[in-house]
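I opened the model today and kept notes as I went. The entries follow in the order of my look-ups.

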Amino acid sequence: MITRTIDRNFANMRLDRFLRKAFPEESLSVFFAVIRKKKVRVNGVVGKANQMLVEGDVVNIYENFKSVSEDDKKGESLPLASAAEAAPAIPSSGATPQRPDAKSATGFAKNKSTWGRHLTGAEKQAHWGAHELDLVVQTEDYVIVNKPSGLASQPGSGTRPGESLVEYLWEWGRNEGLDFKPTIAHRLDQETSGLIIAALHGDTLRDFTRMIREHVVDKFYFALVKGNLKKDRGTISESLLRTDSAKGSKMLVGQDDENAQKAITHYRVKQHYEGYDLVKIKLETGRMHQIRAHFASIGHPLLGDTRYGDFALNREVKKLFGLNRLFLHSCRLEFDWQGEHKVFDCPLPKELRDVIKQLKPMRYERR
């Protein structure tokens, strides 16, 4: 007999889905068979495939799965592990780190010897990866990471195995002894830097996914755009339609198509420069490439954008200002969590601040 006690990561999950998650090496036919033959019991009662599990439920499986250790087959009740997958915690400026308690429940990251020590930009650049994740804050439920430009949010085509933020988080979680693979709740384009949320438990992930779907997580960005906008404040409300080709995916703006998705971008000019505007952006929706496609559609593409941008201008600013990346940075996240309003800020990285320093400000009156 195999015994499992449901923890928070598997709560509110169907019994058949739980079996697939808890025993990934077994075939689906095995799970169907044990359920059909009434060899699975929940709290002593024969389980059904569509039965919803709650935290604390005891699941007994009267079958010896090949992938389960001999000790477990003897009926020892073990906590569920989801094979979590390294880094000292390094708080960024702009956010107050929350110190974890070493005696807290499983899934709470431990203290590190480097807690509270600020690394220089050069140190971060030299050590970036699983060994030096830039954690803005870590709590029992989630971490917020400052992702650098050039790092993919998750594995995919064009990304080498083991070289995405998600995979670095898995390794960090494994080294921390977490019982759940840290999972990002939203994504940033590979070229975009800044704040991204990763859940440390299954229920936390479901909560953040719902919150983002309901647009109650406010996401703010800084971008440097071509030219000077006519209005210091504005909203771009144009649908986006995804197209895929050998050159990669791209969003078409304002298409009259049943598959086009509603997209709304709010912006405010922070500073006019000669030939450029620094804008702060708030997303109301979160479509792929939304900011980049929207600003390009109104004639103000982002600097360094190799997909929607002004390619001649990109070459010029690279030569003049040393801009070697997309000028788009996720600078703030706001949301309510467990009755408290949370605000996390992340300043522009050094390579973007260096570009700003070389621009010529224009005097203007805010309207």
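Is H215 buried, partly exposed or exposed? I found H215 partly exposed, at 45% relative accessibility. My cut-offs: buried is under 20% relative accessible area, exposed is over 50%, and partly exposed lies in between, with a 1.4 Å probe and protein chains only.

**Ground rules.** This is a predicted model, so I note that local features need pLDDT of at least 70, side-chain atom pairs count only at pLDDT 80 or more, and totals for chains, interfaces and linings use all residues. Residues are numbered from 1 along each chain as its sequence is written, and side-chain values use heavy atoms, with hydrogens and water left out.

**Backbone.** I stayed with H215 and checked its phi. The angle is positive, about 60°, although H215 is not a glycine. Most residues other than glycine have a negative phi. H215 sits in the loop between helix 6 (202-213) and strand 10. I also looked up N12, where phi is near 60°, again positive in a residue other than glycine. N12 belongs to the loop between strand 1 (2-5) and helix 1 (15-22).

**Overall count.** I counted 9 helices and 17 strands in the chain. These are DSSP runs numbered from the N terminus: helices are H or I with at least four residues, strands are E with at least two. The chain has 367 residues, and 49% of them count as buried. It exposes about 18700 Å², with 47% supplied by carbon and sulfur atoms. That area comes from the Shrake-Rupley method with a 1.4 Å probe.

Domain 2 (128-205) and domain 3 (218-358) each contribute at least three residues; the bounds come from an automatic or database domain assignment.

**Cysteines.** I searched for disulfides, meaning cysteine sulfur pairs within 2.5 Å. The structure holds 0. For C331, the nearest cysteine sulfur is that of C346, 8.4 Å away. Where does C331 lie, buried or exposed? C331 is buried, with a relative accessible area of 4%. C346 is in no disulfide. C346 is buried, with a relative accessible area of 4%.
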